[in-house]
Amino acid sequence: MTDTRLIHNVGADALEWLWAHRDGFQLEPDVDPEIGFLERFKPIGELAMICKVLFREGVAGSRQAQLARQLLDHAWRETLDGGRMLVRGQLTEPISPIPFEVYLPFKELGYSQPEVERAAVLNHRLDSWAAFEATPTRRLGLSAFQRRFGLPPRPAESELRGTTWLARTPEPWTVEGHIAYDVTHNVFHLTDWGERPDALPPATADYLATWLPVWIDDWLDLERWDLLGELLVVDACLPQPTLDERAWEGFAAAQQPDGAMPALRTMPEGAPDEVFDIVYHPTLVAAYASVLATSRSLSLLAEAS
């Protein structure tokens, strides 16, 4: 099993980079409609979700917890203008679930914007919400978010769990990048982002216990750090995580001295905002994988003692 300190330090360093580059989480209100105003919201929602996991697991040091709270406050006040930009986003694309998805982790952490909540309740009643076209994994995630918000999911999660690629446990060698990302998010939604490892269906857990180590080896060898980070999260979501030493050592070695995690092989070059757009996600994933794997590692050590 990997040294817990190595795992922890990956997340601590990632948060330092995220705080130093917090202004990269910015919106583009005047963006070309063909590009989409709401695309810039997704990084903010990912940031909030991962900070929520950090607080939930309770394994962060005081510096990490402080930076996570400061990042959340900055994103809510400065980037989202106290949630008013989410209201604007909902008015711009009324049926889009993105403002709702971004808002939920903030709400769960004590932030509030009543207009977004009213829109979520209204949209939930619309047939267009249930008919919104999405991949099975995305649809499963939307239903899980509705449940967490306090709304009856449409469709019910029980109707969706068997519709994904992972639920069918197909030929494992057919996995490629897009499928692998769907696999990781399927696990995130089924386990409420690692909170309930026992919520994985037994057949899914057995399939992952067999084939996840193979996929981790593959993407480690390819140096696809963003996807490898998500697969390390999946490992930490399993009832019996492996916390693979070789994978974690390779992942940690790829991290830059300032805490940034490249997406693929080495750090990209370019203007700071372009580099941020490439690097923010693998760095967020590094923080997520670190806090969840640290928590699981400490639990395993406690059980063994």
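Me: Why is the crossing of helix 10 and helix 12 called left-handed?

Reply: The word is used if the near helix is turned anticlockwise from the far one by less than a right angle, and clockwise would be right-handed. Helix 10 and helix 12 cross in the left-handed sense. Their axes come within 9 Å and cross at roughly 35°. Axes here are lines fitted to C-alpha atoms, over the stretch in contact for helices, and angles run from 0 to 180 degrees between N-to-C directions. The helices are DSSP runs (H or I, at least four residues), numbered from the N terminus.

A word on the source: this is a predicted model, where local features need pLDDT of at least 70 and side-chain atom pairs count only at pLDDT 80 or more, while totals for chains, interfaces and linings use all residues. Residues are numbered from 1 along each chain as its sequence is written, and side-chain values use heavy atoms, with hydrogens and water left out.

Me: Which residues of helix 10 and helix 12 meet?

Reply: Contact means heavy atoms within 4.5 Å. On the helix 10 side there are Gly177, Ala180, Tyr181, Thr184, His185, Val187 and Phe188, and they meet Asp226, Leu227, Glu230, Leu231, Val233, Val234 and Cys237 in helix 12. By class, this contact has nine nonpolar, three polar and two charged residues. Ala, Val, Leu, Ile, Met, Phe, Trp, Tyr, Cys and Pro count as nonpolar, Asp, Glu, Lys and Arg as charged, and the others, Gly among them, as polar.

Me: What makes helix 2 roughly parallel to helix 5?

Reply: Angles under 35 degrees count as roughly parallel, and those over 145 as roughly antiparallel. The axes of helix 2 (residues 42-57) and helix 5 (residues 98-108) cross at roughly 25° and come within 9 Å, so helix 2 is roughly parallel to helix 5. The crossing is left-handed. Lys42, Ile44, Gly45, Ala48, Met49 and Lys52 of helix 2 meet Ile98, Val102, Pro105, Phe106 and Glu108 of helix 5.

Me: And why is helix 4 described as roughly antiparallel to helix 5?

Reply: Helix 4 (residues 84-92) and helix 5 pack at about 160°, with their axes 9 Å apart. That angle therefore makes helix 4 roughly antiparallel to helix 5. Leu86, Gly89 and Gln90 of helix 4 make the contact with Pro99, Phe100, Val102 and Tyr103 of helix 5. By class there are five nonpolar, two polar and no charged residues.

Me: What makes a space a pocket, and how much lies in the largest pocket?

Reply: On a 1 Å grid over the protein atoms alone, a pocket is an open set of points where a 1.4 Å probe fits, with protein on both sides within 12 Å along at least five of seven lines. The largest pocket holds about 1000 Å³, a volume being the space filled by probe spheres set on the points. Its lining has 39 residues, and the closest to its centre are Lys42, Glu46, Arg138, His185 and His281; a lining residue has an atom within 4 Å of a point. Helix 14 gives the most to this lining, with seven residues.

Me: How do you know that the peptide bond from arginine 154 to proline 155 is cis?

Reply: Its omega is near -5°. Most peptide bonds are trans. Proline 155 lies in the loop between helix 8 and helix 9.

Methods:
Helix = DSSP H or I, 4+ residues; strand = E, 2+ residues; numbered from the N terminus. Parallel < 35°, antiparallel > 145°, perpendicular 65-115°, else oblique.
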